[in-house]
Amino acid sequence: MMRTLQLTFPLPSPGGEGPPCGVLAIGDFDGVHLGHQEVIGRAVERGRELALPAAIMTFHPHPRQVLGMDKYTRLLTPLPAKEKRLRELGVDTLCVVDFSKSFMCVTPEQFVEEMLIPLGVNTVFVGFDFTFGHRGAGTPDTLCELAAGRFAVEVVRPFHMDGQKVSSTLVREALLAGRVRQAAHLLGRPYHVTGTVVHGDGRGHSIGFPTANVEVREPYVVPANGVYAVQVEVRGQKKAGVMNLGVKPTFGSDLQEPVLEAHLFDFDDSVYGEEVRVEFIEYIRAERRFESVGELIEQIGRDAREARNLLTEENSAEML
Ligand SMILES: Cc1cc2nc3c(=O)[nH]c(=O)nc-3n(C[C@H](O)[C@H](O)[C@H](O)COP(=O)(O)O)c2cc1C
Ligand SMILES: Nc1ncnc2c1ncn2[C@@H]1O[C@H](COP(=O)(O)OP(=O)(O)OP(=O)(O)O)[C@@H](O)[C@H]1O
């Protein structure tokens, strides 16, 4: 069972429970993409070899949000999703460091002396481009020097795909451009959001395509507006469907925030109030305004067929 520790700087003197963080990987790890998985995998493996707990240190809120970059209010993996993923990857301890304005001023020396040393780390894993401390002054080399032999530092080489360094930024850019296929490629699994099914305007039924309206409660990055082939996990079962993510311009709505509406195939249970997980498999088209509801209905029919075909092909390819 993974445990989560909330840490604030400076750490109190170590308690009597023994060091919780034998082998520690440090970073934001937003999205837990394939580059992150490389770093985390190495730490977990080393932990097993040394019979020490494998831990991740991450920062919350996202440091860039604290630095004033508002788009980092939204995350690829809000904390509960990150916890779930890290647990699946075999991590023993997640240390969530409270990233406040004052933590921003902590120097690399202080970070080592007043955070890493009290945690009793044996080995620290960081990526080649890891920076830490005030103004990002610390680098993997600095970390090595400051450790002064008290813990080992392992630097992970860049993990590339298609000639690019895999990064959270790249995943964000892909999602905001609707390229959910590329995002899945970088993440090693489809991008997903979780939410609760809420009541819509009730129009879906009357146009022949009932939809589950998903209200996203955690601060997820939401992909570009458009129509997507999706897999929705409801009550522990995956259902194929087609989703419109947008503001429904045909109905002249003045929605500020896009809504997520999924029409699930071969499904007619009432799922109001239930928690669902939406996986974005493929982008189908941009959302648009139709001259008549009849045209919209025809187009939704085509979208549904396209999504169904795509997902059937996908599933049969997975079975091979
Ligand atoms: C696959 C799919 C594609 C859709 N595409 C559009 C679109 O391009 N433009 C639009 O205005 N509404 C689009 N809609 C939204 C419908 O207008 C919406 O589902 C319907 O109004 C029901 O809304 P309600 O659940 O709030 O009652 C689409 C819905 C689905 C399921
Ligand atoms: N592609 C990669 N290869 C190797 N190490 C990586 C890679 N991406 C991230 N890391 C390392 O994993 C840790 C967490 O990375 P972090 O989340 O800060 O990076 P990122 O994905 O590049 O994010 P961003 O795009 O927001 O800068 C850091 O130690 C970082 O150096």
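**View 1. Ala-229 stands opposite Val-242 in strand E12.** The model is predicted; local features need pLDDT of at least 70 and side-chain atom pairs count only at pLDDT 80 or more, while totals for chains, interfaces and linings use all residues. Residues are numbered from 1 along each chain as its sequence is written, and chains are lettered from A and ligands numbered from 1 in the order in which they are written. Strand E11 (residues 226–234) runs antiparallel to E12, and 9 bridges join the two. Strands (E, at least two residues) and helices (H or I, at least four) are DSSP runs numbered from the N terminus; two strands pair if DSSP finds at least two bridges between them.

**View 2. Six strands form a closed barrel in the order E9-E10-E13-E12-E11-E14.** The pairing in this barrel is antiparallel. From one strand to the next, the twist averages 45°. Helix H7 (residues 180–187) lies across strand E9 (191–198), E11 and strand E14 (275–285), at about 120° to E14. Axes are lines fitted to C-alpha atoms, for helices over the stretch in contact, and angles run from 0 to 180 degrees between N-to-C directions.

**View 3. The shell around ligand 1 contains 23 residues.** A residue is near a molecule or strand if its C-beta atom, placed from the backbone, lies within 6 Å of it. Gly-200, Asp-201, Arg-203, Asn-244 and Thr-250 come nearest to ligand 1. At least two residues each come from helix H8 (203–206), strand E12 (237–246), strand E13 (259–264) and helix H9 (293–319); H9 gives the most, with 3 residues. By class, the shell has 7 nonpolar, 8 polar and 8 charged residues. Ala, Val, Leu, Ile, Met, Phe, Trp, Tyr, Cys and Pro count as nonpolar, Asp, Glu, Lys and Arg as charged, and the others, Gly among them, as polar.

**View 4. The shell around ligand 2 contains 21 residues.** Those that come nearest are Gly-27, Gly-35, Gly-127, Ser-167 and Thr-169. Helix H1 (34–50), strand E5 (123–127) and helix H6 (168–176) give two or more residues each, and H1 has the largest share, 4 residues. The shell around ligand 2 divides into 9 nonpolar, 7 polar and 5 charged residues.

Note on methods. Two residues are in contact if their C-beta atoms, placed from the backbone, lie within 7 Å.
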